[in-house]
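Let's walk through this structure together, one question at a time.

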Amino acid sequence: MFERLGEIYTNKEVYLTDLDHDEVPALFWWFPNQDDFNPPPPADETSIEKMERISSTIKQSRTEITEIMYSGINAEDKIIRAMEIKQEADILLKLFKECEADPECKKGEAAELFSKC
């Protein structure tokens, strides 16, 4: 990795963006786009918010699974997307177990959302 950084420095390679390279350190030229960043969920997320997030992610995953199965994308992309969905499912399962252990999920609106998931 460091060899490649040395090569970038000696060859004066740049990643062209709309940044003014004279004002920004070279390290920042290689950062990913801010548009690609998905922030993590808030630390103080309520049980209802967790259940809503689980529900919406399941709906999105179903749509994506259908797209993977019936679209004309190549096999490699299908495998990568399926593995990403599997990772999301593992995270959702852990989150669901947290909600299952939370007594607040067994009351009112949260109980209704919990039964739907």
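The accessible surface of the protein chain (Shrake-Rupley method, 1.4 Å probe; for residues, only the protein chains shown count as cover) is about 9,600 Å², and carbon and sulfur atoms own 58% of that. This is a predicted model, where local features need pLDDT of at least 70, side-chain atom pairs count only at pLDDT 80 or more, and totals for chains, interfaces and linings use all residues. Residues are numbered from 1 along each chain as its sequence is written, and side-chain values use heavy atoms, with hydrogens and water left out.

Q: How many helices does the protein chain have?
A: Helices (H or I, at least four residues) and strands (E, at least two) are DSSP runs, numbered from the N terminus. The elements run α-α-α-α from the N terminus on. With 0 strands, the count of helices is 4.

Q: How far apart are the end C-alpha atoms of helix α3?
A: The expected span is 1.5 Å times one less than the number of residues. Helix α3 (residues 75-101) has 27 residues, so it should span 39 Å. The model agrees, with the end C-alpha atoms apart by 39 Å.
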